[in-house]
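Okay, everyone, let's get the model up on the screen.

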Amino acid sequence: MQKVGFGTFGIENGKPTTQAVLDAIHTGYRHIDTAVSYGNDFAVGKALKKCEIPREELHITGKLWCSAKTKEEVVEQGKRTLKMLKLEYLDEYLVHWPFSKSREENWKVMNGDIWLGLEQLYKEGYVKCIGTSNFTIEHLEALKDTATVFPMVNQIEFHPGKYQRQLLTYCKQNDMIIEAWSPLGAGAVLQNDTIMELSQKYRVSSAAICLNFCIAHDTVPIVRSTNPIRMAENLSSWKFHMESQDMERLEALVNVGDTGLDPDDKDLFRKLEEYGK
Ligand code: A2P
């Protein structure tokens with residue numbers, strides 16, 4: 001898997017998305033991350049068709065939206081996503097958000113059921129790797145009761161200001177790849193004093209400090225940009241060594257650039273609407 005992935009959340013549907021994905025691929029990205037809820041998967045699919053890169057060189061991630069509540073609905077939604085993206089298979093398919101105890105009494109059974117749908121898509125070859133997104137340790141532990149294949153990936157919010165140490169350790173202990181969404185804190189951490197000070201010290205951009213932080217913690221940042229210059233910068237600028245005391249300062253930052261999207265929040269779906277999903 002490439003060290004940095006390209007995220008398509010929040011890019012306007014239609015031509016802007018197709019152009020951004022084409023620019024990203026031409027800049028060198030091979031890992032493209034999308035989701036049903038972003039509403040732009042058809043436009044992503046157009047870029048994938050147009051880019052002339054052999055399919056096996058690309059790594060395409062899709063995410064299951066929580067409208068699917070049974071194994072059958074999951075399989076149906078997964079196949080619909082493949083159609084929208086004009087693909088024969090996905091490299092990675094993730095449950096976008098868990099069902100959770102603050103919202104669904106039956107959350108354990110519900111997560112277990114949809115997970116069986118992902119397992120089916122995996123066993124039938126529609127997806128090469130299955131995983132979760134925004135699952136906490138509690139959600140992942142509960143899956144162990146019924147899963148026959150444990151999630152291979154967990155994609156979580158991770159950046160300086162949102163250092164999820166315990167979850168990171170748990171995922172590593174369970175042989176999961178950790179992907180970091182919002183690695184730049186949706187752009188909001190870039191003006192933070194500590195990050196700006198370190199960016200001067202190492203003579204790199206604030207974005208490079210954040211991406212270095214993610215990669216040094218063995219996560220794969222899924223970074224977004226519609227600007228080809230920043231796309232290129234994000235692919236390579238993180239390649240420098242940061243001293244451990246500086247890394248510790250970044251680990252200690254709290255509530256900087258935090259989206260506040262908590263998988264266990266009763267109001268999560270209202271907040272996601274506001275955030276744009
Ligand atoms: P833009 O599309 O104008 O480049 P995240 O990936 O954490 O969600 O952050 C995405 C935001 O950060 C986007 O608004 C994007 O804006 C901005 N961004 C991406 N790369 C950089 C960069 N290298 N420097 C500054 N801002 C960036």
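Let's start with Lys 101, which makes a salt bridge with Glu 138, and their closest N and O atoms are 3.0 Å apart. By salt bridge I mean a side-chain nitrogen of Lys or Arg within 4 Å of a carboxyl oxygen of Asp or Glu. Lys 101 is in the loop between β4 (92-95) and α4 (107-123), while Glu 138 is in helix α5, so this pair ties together parts that are 37 residues apart in sequence. Helices here are DSSP runs of H or I with at least four residues, strands are E runs with at least two, and both are numbered from the N terminus.

Quick housekeeping: this is a predicted model, so local features need pLDDT of at least 70 and side-chain atom pairs count only at pLDDT 80 or more, while totals for chains, interfaces and linings use all residues. Residues are numbered from 1 along each chain as its sequence is written, and side-chain values use heavy atoms, with hydrogens and water left out.

The cut-offs are under 20% for buried, over 50% for exposed, and partly exposed in between, using a 1.4 Å probe and protein chains only.

Now look at Lys 123 and Glu 119, another salt bridge, with the closest N and O atoms 3.7 Å apart. They're four residues apart in helix α4, which puts about one helical turn between them. Lys 123 is exposed at 56%, but Glu 119 is buried at 3%.

Arg 270 and Asp 267 also pair up, at 3.7 Å from N to O. Arg 270 is partly exposed at 43%, as is Asp 267 at 37%. Then there's a network: Lys 201, Glu 243 and Asp 246 are joined by salt bridges that share partners. How many salt bridges turn up in the whole structure? The search finds 15.

One last stop, for a polar contact (N or O atoms within 3.5 Å; within protein, one able to donate a hydrogen and the other to accept it, and sequence neighbours counting only if both atoms are side-chain atoms). Asn 134 sits in the loop between β5 (130-133) and α5 (137-143), and it's buried, at 7%. Its side chain reaches the backbone oxygen of His 96 at 2.9 Å.
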